[in-house]
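Hello,

Here is the structure I promised to pass on, with my notes below it. Please have a look when you get a moment.

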Amino acid sequence: MPRYLLLLHGDKDSEDGKMPSKDILEQMHAYNSKIVSAGALLGGEGLHATSKAARVSFPPPDPSNPTQPGSKSDITVTNGPWEYSMENPEGRSGESKRPVCGFWIIKAKDMDEAVWWVKKGPLAGTYVEVREIFECGDMPGMTDEMKELEENK
């Protein structure tokens, strides 16, 4: 059964490190319990604000050898927090302009079912990005040995 990553995007409160109210936490617990009872929840957590985060940026590959990663000496680390647009959460071309503040990993028969689970959530004033997770069989070029390592981890 396919797996999906549900990325919950935050708001000014989550980015300021404010915890949800007791009522919201109870609603989230009840929601998560339903997903667990259905056997669909594989994992999920809330995330600290970007003030406690780091962003690691990698340089592009060398044009003379594009199959090799760029120089490790050119990797940059930027500590948070970062600026986000809370007023225009979707950005100009649909890219996220809000930080991710939590996630779930669920299994669902298809995208429609994954979206159905998201719609059941006690969410307001935010959005959830639903992304299918690659399985070993989806990756061209995976050797049998690589697939076995992935499946046994």
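Is Y31 buried or exposed? At 4% relative accessibility, Y31 counts as buried (buried is under 20% relative accessible area, exposed over 50% and partly exposed in between, with a 1.4 Å probe and protein chains only).

A word on the ground rules. This is a predicted model, in which local features need pLDDT of at least 70 and side-chain atom pairs count only at pLDDT 80 or more, while totals for chains, interfaces and linings use all residues. Residues are numbered from 1 along each chain as its sequence is written, and side-chain values use heavy atoms, with hydrogens and water left out.

On confidence, the mean pLDDT (the predictor's confidence in each residue, from 0 to 100) is 87 for the protein, and 92% of its residues reach 70 or more. Helix α3 has the highest confidence, at 98, and helix α4 (residues 144-151) the lowest, at a mean of 76. Where pLDDT is low, the predicted coordinates should not be read in detail.

Now to the rings. Phe, Tyr and Trp rings (for Trp, the six-membered one) pair if their centres lie within 6.5 Å; planes under 30 degrees apart are stacked, over 60 edge-to-face and the rest tilted. By this rule there are two aromatic pairs. One joins Y31 and W104, edge-to-face, at 5.7 Å centre to centre and 90 degrees between the planes. Y31 belongs to helix α2 (residues 22-37) and W104 to strand β5 (residues 100-107), so the pair ties together parts that are 73 residues apart in sequence. Helices (H or I, at least four residues) and strands (E, at least two) are DSSP runs, numbered from the N terminus. W104 is buried as well, at 6%.

W116 and W117 also pair edge-to-face, with ring centres 4.9 Å apart and planes at 75 degrees. W117 is buried at 8%, whereas W116 is partly exposed at 42%. W116 is part of helix α3 (residues 111-119). From W116 to E148 the C-alpha distance is 32 Å, across 32 residues of sequence.

One more ring to look at is that of W82: the charged end of R55 sits over it, 4.0 Å from the ring centre (the rule asks for NZ of Lys or CZ of Arg within 6 Å of the centre and within 35 degrees of the ring normal).

Finally, F58 is exposed, with 58% relative accessible area, and lies in the loop between β3 (54-57) and β4 (76-79).

Best wishes
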